[in-house]
Amino acid sequence: MAFDRHTHLDRVDLLVPGMTCAGCMSKVERCLSSCAGVAAARANLSAHTVSAEIDPERTDPEALVTALSSAGYDARPYDPSLHGMSAGEKIGRGLLLRIGVAGFAAMNVMILSISVWSGAEGSTRDLLHWISGLIALPAVVYAGQPFFQSAFKALTARRLNMDVPISLAVILAAANSVAETLRSGPQAYFDAAVMLLFFLLIGRYLEHRTRASARSAAAELMAMTGRTALRVLPDGAREIVAINALQTGMTVEIAPGERIPADGTLISGQTEIDRSLITGESLPELAAVGAEVHAGMLNLTGAVQLRVTATSDDTLLAEIARMVDAAERGRGRLDRLADRAARVYVPVVHLLAATAFVGWYAAQGDAHAALQIAVAVLIVTCPCALALAVPTVHTIASARLFKQGIFLKDGSELERLANVDMVVFDKTGTLTSAEPDLVEAPEAHDPAWPAAAALAAASRHPLSRTIAREAKHLGITPAPVTKLVEHPGFGVEGELEGQTVRLGRTGWASDTDGPGVALSFADKIAHFHFGETLRHNAQETCDELAERGLDLAILSGDQAGAVRSVANATGIETAKAAMLPADKLAWLEARRSEGRRVLMVGDGLNDSPALAAAHCSISPASASDVAKTAAGFVFTSDGLGAVADAHAVARLARRRMLQSFGIAAVYNAIAIPMAMAGLITPLIAACAMSGSSILVILNALRLRGRS
Amino acid sequence: MTVLGALIPVSLFLGGLGLAAFIWCLKSRQFDDLEGDQHRALFRDTVEHSKNQE
């Protein structure tokens, strides 16, 4: 396998959402590197992506996806420039560069400032101020860009944000210091200006990093589309077309195991359709000619042909995506804690600085001295600690959640989760395991098992797959069943030692009707019964959440009976059955208008609008991609305990954040009167600012907990 | 105070050296995947190297 320098290599980028640990990373890289035609592969664990250099003549992206999926990782090709991921990386690198420049300037200016504070006078002090200025001014202009731009944007939109006082303090400090240097004065604040920027940029970078994960989740959703469909031409020939090239009236063929590409009506064939994506219904439904099916549903058992009635943007799937989008935008209006603080803080601080100026000018008549004091007020009140309080807590809380297998989409989700007062669960796949469980089956040594294993392996029906999995678990070797035929809606039939064997609906496989699945072989009948089992920890989690004073409810698309039994098992009193996605959304809207803050826990596509609309939302990792993208948190653990854990960490994070605001308030309560009294010197300002910032960071670090 | 004439350029040069090294790290994409790279140090990365040597 040689790659000489002249081979033309293509770069392929793949999203691998399941790559979440260091072991996965090396496995993915090794798997790709051992593929023919791959020159090199490098994974990025933070972004869940891998990029490979391939020889386009010897392999293609599809081959890499296949190789990864046989190694157990779902992968999808994506275009990094398309999903804003490379733009995000660029912003992150830009912020780091600015941190570097500000850090360099802060250190050097601080060395010079210490010489000034330790008693340099006259021309030496002027020289030191000049050099400080030459370092600090370019650094302020360059490193301050993100704040200046954001402040300018806010002001032109007639709003106030945290960046307005930051920009004002930095610019005034720099300008005032230049004026002071020109007239050989003693008070230059160059060190304060660059140090402020250094601390604030660190906060800004942390914020950017927590948000980067949200972007990759959105990219994963977009990568879902863009597959192909098999079109049947009028003359009977087959042609592969892109899904977005489908038009109404076209006929497409869908093989078993494929997702339906567009909304339409079945015109030939018979199959079972897994509608769980839309309805959340756990068991598949029989679909014959004339049945309406929707894009995104899974065709399970038979090949069918479909006449397309709605494509891409008009499908039910697209409509749900729009509902998710609209719900998410509606939620964006909710205030973040820091913004609320800024709206009170900013006018007060500016008013105080103005008062100081007017007061001193009236008292002494010296405009220059009065301005000095006003600038000192602005510098010491620059919301450095306030701006650091939120991103540091978010970063450390999300790192702690990450260790527990919980992924956070955006820092503000933590704030929302902390103040929920009601938890709403979806049933199937959330409170219960996603797949049905065998509750009654033949003994392990029963002769029924080998035949059942062989028949079950031939079908994609969820009940068959459960039997096949259980057989594998019991270590059963499938019997040599031949002539396997699947009868959609009934079961699987085959031939074993010259006799017909059937696994399927009780009334079909045996003579008597009844619940569950029956196996008929060699004149004997064996029965399999299924039930839903609660997710691990489901009951404890519900008890714990109820104990914390939260109201619990179930919203399910499933039938009333199934919902009732789960509600009884978990002790949840409010339980709604047969809810469509729009019903769930309406129910949540009604709770919101009552002033409730709801945490939605769900996994299906049918939950996605509700997940996006709820005050806060959590999905298990087994959820559909759309649900995971709509949810604020995703947990990978098997049990439901992660919901209670996440809630506990969110409450703790909120407490730390409020404490940090408290520290900032105490600091201001001392610093502002001092500054207004004209007692603040550049030395005191530098100590106070860095002191309060470090206190806030240390307070956030306490959140890490004992490991 | 003449010593300042020597010390200030020296400190600026050393600081500049650090800044240049940082910018070099950034440009060579060493900060792109902090999560992955902290584990990467522990792997025997035979895969990529053996490939390149072939």
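Analyst: What follows goes through the terms by question and reply.

This is a predicted model, in which local features need pLDDT of at least 70, side-chain atom pairs count only at pLDDT 80 or more, and totals for chains, interfaces and linings use all residues. Residues are numbered from 1 along each chain as its sequence is written, while chains are lettered from A and ligands numbered from 1 in the order in which they are written.

User: Why are S15(A) and S22(A) called paired?

Analyst: Two strands pair if DSSP finds at least two bridges between them. Strand S15 (residues 422-425) and strand S22 (residues 551-555) of chain A are joined by 4 bridges and run parallel, so they count as paired. Met422(A) has Asp551(A) as its bridge partner in S22(A). S15(A) is also joined by 4 bridges to strand S24 (residues 598-601) of chain A, again in parallel. There, Val423(A) stands opposite Leu599(A).

User: What makes both faces of S15(A) covered?

Analyst: A residue is buried if 20 or more other C-beta atoms lie within 10 Å of its own, exposed if 12 or fewer, and partly exposed in between, with C-beta atoms placed from the backbone. In a regular strand the side chains alternate between the two faces of the sheet. Met422(A) and Val424(A) on one side of S15(A) are buried, and so are Val423(A) and Phe425(A) on the other. Over chain A, buried residues make up 47% of the 707 residues.

User: Why is H15(A) described as largely enclosed?

Analyst: In helix H15 (residues 448-457) of chain A, 8 of the 10 residues are buried, so the helix is largely enclosed by the rest of the structure. Among them are Trp449(A) and Leu455(A). The buried residues of H15(A) pack against helix H16 (462-474) and strands S18 (491-496), S19 (499-505), S20 (517-521) and S21 (524-531) of chain A. Helix H13 (residues 411-418) of chain A is mostly covered, with 8 of its 8 residues buried.

User: What makes a set of residues a nonpolar core, and which residues have the most contacts inside the largest one?

Analyst: A nonpolar core is a set of buried Ala, Val, Leu, Ile, Met, Phe, Trp, Tyr and Cys residues joined through C-beta atoms within 7 Å. The largest has 141 residues, and Ala193(A), Val194(A) and Leu196(A) have the most contacts inside it. Apart from that core lies another of 26 residues, including Trp449(A) and Phe530(A).

User: How many residues of chain A are in contact with chain B?

Analyst: Two residues are in contact if their C-beta atoms, placed from the backbone, lie within 7 Å. By that test 26 residues of chain A are in contact with 22 residues of chain B. H1, S2, helix H3 (85-117) and helix H4 (122-143) of chain A each give two or more residues to this side. H3(A) gives the most, with 10 residues. The chain A side divides into 15 nonpolar, 7 polar and 4 charged residues; Ala, Val, Leu, Ile, Met, Phe, Trp, Tyr, Cys and Pro count as nonpolar, Asp, Glu, Lys and Arg as charged, and the others, Gly among them, as polar.

User: Where in chain B is confidence lowest, and where is it highest?

Analyst: pLDDT is the predictor's confidence in each residue, from 0 to 100. Confidence in chain B is lowest in helix H3 (residues 46-53) of chain B, at a mean of 45, and highest in helix H1 (residues 2-27) of chain B, at 88. Chain B averages a pLDDT of 77, and 78% of the residues score at least 70. The model scores ipTM 0.80 and pTM 0.71.
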